[in-house]
Amino acid sequence: MKISVVGCGYLGAVHAATLASMGHTVVGIDVDAQKVAHLNKGFAPFHEPGLDELLRDGFATKRLTFSTDFADAAGAQTHFLCVGTPQSKTSDTADLSYVIAATKSLLPHLARGAAVVGKSTVPVGTVDMLRGILARRPDVLLGWNPEFLRQGTAVKDSLVPDRLVYGVPGGKDSAAGAPVTAALDAVYEPLISAGIPRLVCNFATAELIKSASNAYLATKLSFINAIAELCDASGADVTELSEAMGLDPRIGNRYLHAGLGFGGGCLPKDIRSFRAQAQALSVPSLDEWMGVVDSINLGQRARAVDVARDMCKGFLSGRTVTVLGAAFKPDTDDIRDSPSLDVALQLAAAGAHVTVTDPKAINNAWMRYPQLRFEASTTRALEGAELVLLLTEWDEYRTLSPAAVGSLVRRRMVLDARNVLDARAWRAQGWTVRGLGTGSHDETSEPLTEAKPPVVPVEPLNTRPFIVGSPAKAPSTRR
Ligand SMILES: NC(=O)c1ccc[n+]([C@@H]2O[C@H](COP(=O)([O-])OP(=O)(O)OC[C@H]3O[C@@H](n4cnc5c(N)ncnc54)[C@H](O)[C@@H]3O)[C@@H](O)[C@H]2O)c1
């Protein structure tokens, strides 16, 4: 089956490559010519484990291509809309202009009886609005198929999803919805045969399933972060508390890890959009709820800065600080609404000399925040630090040796804002360790002795340093 995927970002590129791996002939369409050129060379324009391989497999079978020309989507039986729905610049609502523009661009190229299926996360009522744009084409089928993949595991999540949700006209078992259900069943036949659960519902339900799922995940994270604050106030340890809570199967331990909170291109804007929907539909309890979840989450960033200041005896100004992590979470180079960079900016604004490092997100972070200093080498980033902040829990930071890092820094002080380090092992090497909610607020903030001068590298020293603010020194890694 010929399929088009419109919008080839973190969602669309993975979706296009996955559909090609299922045996379909897929053309990915994007308005970003640079992104399309990268994809056509078989490289993902962003870091997503396994995607390069999936793209190359797609090209090898000649079933996968990318284009900037909507005319190349002509003849496809199904068109997936995967464009962005960011937060509006002026309110909490989702900006639907990309969805509208993509639908209008597709319109002249739609074959008779083709299906247009949205995958972007949209507010309830969006499909009704798009129906207006497609009003002159009553033969065209319209469906909504929200996506649940997670960056970092997007390839696996797409090849073996937890579930498939189809929003169709009239919902489950309706005659009007049957052709859309049949069209999507034909697309996902390998997944359905493999037993992946498939749920058919009406448009409003499909639109809300995705928003409600993200709102629940955000709620769970903000809940445990509020408990973390209580732990800090009482001397309890939130990591032990959440481990014990999570063993109750009714609760579970996923998304119950206290720390710096969530960011990225989805959860923050989705809970704000959900809040705006609750306001528009007069559901004040949900409006209030989402507001609290959002403010607890943002509050974690301010708390991290407060703890850092406390560790520096109240004065961040002039302190040499190293931030480990720029991406909003590990295994991605996505820095959209990154809690780490938010904290780094706040520390810099307080007068600290901040150096940020990250295994994959340095380029994106530098382009977005040229006022910060970046360093590609973890070793060089750590040299001379008076305070280290672990803000994105990449594996390479979780497994750092406290002895090796101790030989690089000026003072052995670490704020583990993701609560992932073995604090006992670090303390055994003379480190002052603080977390968020780990009840270690009564520790001595400043170590009594200065650390030894740097001698032990934590990674090969041939990694080129990269100092932001001088574009000529930008690393030449592929984007
Ligand atoms: N990133 C995720 O993990 C994820 C997971 C589930 C759902 N979603 C949802 O998927 C949607 C896309 O998210 P993303 O993270 O892939 O965003 P993204 O910004 O990475 O990608 C969007 C792409 O759409 C392209 N685009 C914009 N306007 C276009 C147009 N008129 N025609 C063709 N292409 C156009 C952009 O150039 C960009 O490449 C959002 O609604 C998001 O909430 C994302």
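Let me start with strand S9, residues 320–324: 4 of its 5 residues are buried, so the strand is largely enclosed by the rest of the structure. Buried here means that 20 or more other C-beta atoms, placed from the backbone, lie within 10 Å of the residue's own. Strands are DSSP E runs of at least two residues, helices are H or I runs of at least four, and both are numbered from the N terminus.

Two notes on the source. This is a predicted model, in which local features need pLDDT of at least 70 and side-chain atom pairs count only at pLDDT 80 or more, while totals for chains, interfaces and linings use all residues. Residues are numbered from 1 along each chain as its sequence is written.

Back to S9. It pairs in the parallel sense with strand S10, residues 353–357, over 5 bridges; pairing requires at least two DSSP bridges between the strands. Val323 stands opposite Val356 in S10. Between S9 and S10 the chain passes through helix H13, residues 339–349, and this β-α-β crossover is right-handed. That is, with the strands pointing away from the viewer, the path from the first strand over the helix to the second runs clockwise. S9 also pairs in the parallel sense with strand S12, residues 387–390, over 4 bridges, and there Leu324 stands opposite Leu390.

Next, the ligand. How many residues surround the ligand? There are 28, and the closest are Gly7, Gly9, Leu11, Ser120 and Thr121; the criterion is a C-beta atom, placed from the backbone, within 6 Å of the molecule. The shell divides into 13 nonpolar, 10 polar and 5 charged residues. Ala, Val, Leu, Ile, Met, Phe, Trp, Tyr, Cys and Pro count as nonpolar, Asp, Glu, Lys and Arg as charged, and the others, including Gly, as polar. Helix H4, residues 97–106, gives the most to this shell, with 4 residues.

Now the annotation. An unreviewed UniProt entry places "binding site" at Asp30, Lys35, Thr85, Thr121, Lys269 and Arg336. These span 307 residues in sequence, and the farthest two C-alpha atoms are 23.4 Å apart, so they do not all gather at one spot. UniProt annotations may be inferred rather than shown by experiment.

Two of those positions in detail. Lys35 sits in helix H2, residues 33–40, and counts as buried with 22 C-beta neighbours inside 10 Å. Leaving aside neighbours within four places in sequence, Lys35 is in contact (C-beta atoms, placed from the backbone, within 7 Å) with Cys8, Asp30 and Pro45. Thr85 lies in the loop between strand S4, residues 78–81, and H4. Thr85 is buried too, with 25 other C-beta atoms within 10 Å.

Key: A residue is buried if 20 or more other C-beta atoms lie within 10 Å of its own, exposed if 12 or fewer, and partly exposed in between; C-beta atoms are placed from the backbone. Two residues are in contact if their C-beta atoms, placed from the backbone, lie within 7 Å.
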